[in-house]
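Let's take a quick tour of a predicted model. Have the picture open as you read.

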Amino acid sequence: MQDNDPLKSVADSPVVRVKNLRKTFGDTVAVEDVSFDVRPGEVFGLLGPNGAGKTTTIRMMLDIFKPDAGAIEIFGGPLTAAGRDRIGYMPEERGLYPHMRVIDCLAYLGKLKGLSGQQARRRAVTYLQRLELAGQEGTKIEALSRGMTQKVQVIAAILHRPDLLIIDEPFANLDPVNSQLVRDILLEMRDEGKSVIMTSHQLALVETLCDRIAMIHYGRVILLGTVAQVRRDHAGNVLRLHGSGQIDAPPGVLHVERRNASEWLLTLEPGTDHRAVLQILMTANGFSLDGFELARPTLDEIFVQIVRESRQ
Amino acid sequence: MRRIWHVLWREFWGHITRRSYLIFTFGFPAFIIIIPMLGGLTLALMVASAIPPTDPRPVGLVDQAGLTDGAPDAPDHTVEIRLYSSLETAEAALAEGEIQAYYHLPPDYWQTGQVKIIYRQPPTGEIDSAVGGWLGQQVRSRAPPDVLAQLNREARITHQNARGESVFDLEDLLAAALVFGLAYFVQLGGSFTANYMFDSVASESWDRTIEIVLTSISPMQFLVGKVIGLLGVGLSQLLAWLLVGGTIILWGSARLGFDLAGIIFGWDYFGLIVSVLLATYVTNQLLAAAIGLLHMNSGSGPLFFNTLNWVSGIGFLYATILVPRNPNTPLAIVASMLPVAAPIVLLVRLVVSEVPAWQLVIGQVIMWGVNIASLFWLRHLLKTNLVAYAPRFKLWPWLRRRLANR
């Protein structure tokens with residue numbers, strides 16, 4: 001019955017819906033087949049190694065590139081001029097006008113998003129204070145440090161209070177204190193029911209911040225779901241062993257990693273029964289097994305595993 | 001519209017308040033004016049110190065030609081001229097020191113025009129000029145009114161070929177020469193100001209700002225705002241130079257008795273040529289923007305642009321040497337309709353022949369049409385060169401793929 005509630009269906013309808021996206025540049029296939037959706041009030045992580053197709057996907061979402069095939073819906077339809085004003089964007093390659101003063105640059109970018117000059121300046125000052133940049137209003141962008149520039153860039157993306165924030169590597173160049181400041185802003189947006197799409201290689205942060213993730217590799221989505229679900233799905237593949245001696249990779253084991261003197265992580269091939277591996281190890285010469293557990297891998301480990309598998 | 005205005009204003013205001021712009025805009029004419037003025041002043045001081053002071057005493061005049069019959073002693077603001085009835089009385093006055101020199105108009109003055117001056121110390125050139133001017137006035141006062149009127153009026157020579165087609169007169173030629181100077185100036189100024197366009201467009205790529213801006217406004221809005229803003233920067237610079245240079249030239253010509261402003265603005269084709277110049281100026285700026293978009297930054301971009309200007313100099317030679325002889329060849333007609341060649345070729349054709357109205361209209365449509373089409377081309381370049389990191393378009397691999405797919 002609840003699913004028939006029109007108000008609920010509007011509220012839950014995806015902010016972004018990407019379906020079977022494909023984009024090539026000459027002979028290079030940048031995006032092969034990418035599909036996902038982003039819901040209101042969630043932080044969505046778009047992950048993948050360099051060159052996987054994340055940025056191209058984002059640019060297609062923002063109508064900077066036209067896809068060769070597939071469909072994109074933003075706020076329930078094709079991206080319109082009004083829709084653009086509801087999006088905040090911080091690209092991976094930071095872009096601010098180096099000869100402009102911080103306040104002028106922010107006001108200009110705010111005005112392009114439809115704010116009045118006064119409104120843009122007022123909000124800029126508030127955010128500068130919040131991100132511990134008070135007093136830098138009159139400083140030229142080129143005179144700021146890298147971390148400061150990045151925080152100004154974050155402000156430029158959120159100044160007009162967008163309903164959808166697309167933010168590429170938001171924590172690069174930031175120390176832990178500043179990372180926390182930016183993280184708080186992202187979480188605040190989520191609490192206000194706004195959506196955030198972020199890419200990052202700092203997967204520990206992604207784990208704590210993102211509700212759902214999609215991992216793109218070679219232009220395809222190879223993982224999609226909540227962080228917990230993804231970790232759970234990969235739990236059976238990693239065996240954590242405690243013991244002593246030497247391990248030679250038994251059949252069905254993809255990768256052996258010695259974490260310390262008494263701990264090993266064994267990444268199993270898909271379909272391998274961990275009991276069979278344990279049996280081999282228990283009977284093997286040169287290794288004494290004290291204990292084991294099926295480890296729930298971190299996103300970092302899953303990422304590395306998937307990339308390694310694809311290379312092999 | 002408001003967003004186009006924001007882009008336009010940022011470009012315009014951001015540039016015209018820069019120190020480099022202010023120095024170049026106002027320093028350049030100041031340099032052009034002050035340096036010759038300083039040189040002239042130095043020269044004048046040197047000359048003044050080398051020339052002896054003018055003798056304040058009157059000069060005498062012995063008129064045996066009857067030029068000054070009945071004319072009273074003629075006081076002159078430079079020197080007083082005293083008439084003497086004979087050479088002896090004038091010689092006596094010179095010996096007494098009453099006069100510094102005396103002029104002798106012999107009886108055959110009307111045939112030879114010869115005048116002699118007798119002195120102890122040579123008078124300055126200023127005295128000769130004053131006396132010569134006074135004598136000229138005396139000659140003109142004797143001429144009949146109709147002759148005098150014709151003398152004061154300049155001859156107007158109208159040219160017409162054997163077929164009776166090419167018609168122009170000296171006033172047209174003068175106006176065209178002046179507008180030609182203006183065209184050259186605008187062309188030169190355009191190549192200076194094109195640098196703003198290169199750097200501004202290319203810096204959107206270097207600074208990676210374009211990707212953010214394009215999530216707020218469309219590429220066409222962005223380009224229109226940017227191009228108009230930067231055109232404003234260039235034109236404001238040209239205007240500043242024109243105001244300074246024009247004021248000096250018009251003031252100088254008025255002092256010499258020429259109505260240059262009247263000749264230029266009164267020319268029938270002035271409005272048309274302004275439109276042609278403006279269209280070409282815009283084309284140049286759009287070309288500069290395209291070079292910026294193609295990542296030919298401030299090093300190779302201006303070099304490429306200036307090379308193009310040099311190549312267009314061939315058109316200048318063609319227009320000034322060949323077009324006057326055959327102004328209505330197909331090449332001349334086409335060249336007078338194209339943005340880069342038109343300011344010179346059309347100008348020459350307007351002076352030496354009758355250009356049909358349909359050619360003028362088509363020319364205007366082509367020139368402004370090229371500019372509008374260039375904006376769409378720039379939009380394409382913007383999306384493929386500033387934002388994309390895609391492999392650059394290469395004709396041969398593209399053709400090979402197309403052929404392989406067949």
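**Nonpolar cores**

Start with A:V196: if you skip its neighbours within four places in sequence, it is in contact with A:V43, A:F44, A:L165, A:I167, A:L186, A:M189 and A:R190. This residue also belongs to the largest nonpolar core. Keep in mind that everything here comes from a predicted model.

- The largest nonpolar core has 127 residues, and A:L106, A:I155, A:A156, A:V196, B:A289 and B:V345 touch the most other members.
- Helix α11 (residues 270–293) of chain B gives the most to this core, with 13 residues.
- Another core, of 16 residues, lies apart from it, and its members include B:L61, B:V79, B:L105 and B:V131.

**A sheet in chain A**

- Four strands of chain A make an open sheet in the order β11-β12-β10-β13, with antiparallel pairing.
- β11 (253–260) and β13 (287–294) of chain A stand at the edges with a single partner strand each, so one side of each has no neighbour in the sheet.
- From one strand to the next, the twist averages 25°.
- β10 (residues 238–245) of chain A pairs with β13(A) over 7 bridges in the antiparallel sense, and A:S244 stands opposite A:S288 in β13(A).
- Helix α10 (residues 274–283) of chain A lies across β10, β11, β12 (263–268) and β13 of chain A, at about 165° to β13(A).

**Where the chains meet**

- On the chain B side, 17 residues are in contact with 22 residues of chain A.
- α1 (2–16) and α8 (210–213) of chain B are the elements that give two or more residues to that side of chain B.
- That side of chain B divides into 8 nonpolar, 4 polar and 5 charged residues.

Note on methods: Residues are numbered from 1 along each chain as its sequence is written. Chains are lettered from A and ligands numbered from 1 in the order in which they are written. This is a predicted model: local features need pLDDT of at least 70, side-chain atom pairs count only at pLDDT 80 or more; totals for chains, interfaces and linings use all residues. Two residues are in contact if their C-beta atoms, placed from the backbone, lie within 7 Å. Ala, Val, Leu, Ile, Met, Phe, Trp, Tyr, Cys and Pro count as nonpolar, Asp, Glu, Lys and Arg as charged, and the others, Gly among them, as polar. A nonpolar core is a set of buried Ala, Val, Leu, Ile, Met, Phe, Trp, Tyr and Cys residues joined through C-beta atoms within 7 Å. A residue is buried if 20 or more other C-beta atoms lie within 10 Å of its own, exposed if 12 or fewer, and partly exposed in between; C-beta atoms are placed from the backbone. Two strands pair if DSSP finds at least two bridges between them. Axes are lines fitted to C-alpha atoms, for helices over the stretch in contact, and angles run from 0 to 180 degrees between N-to-C directions.
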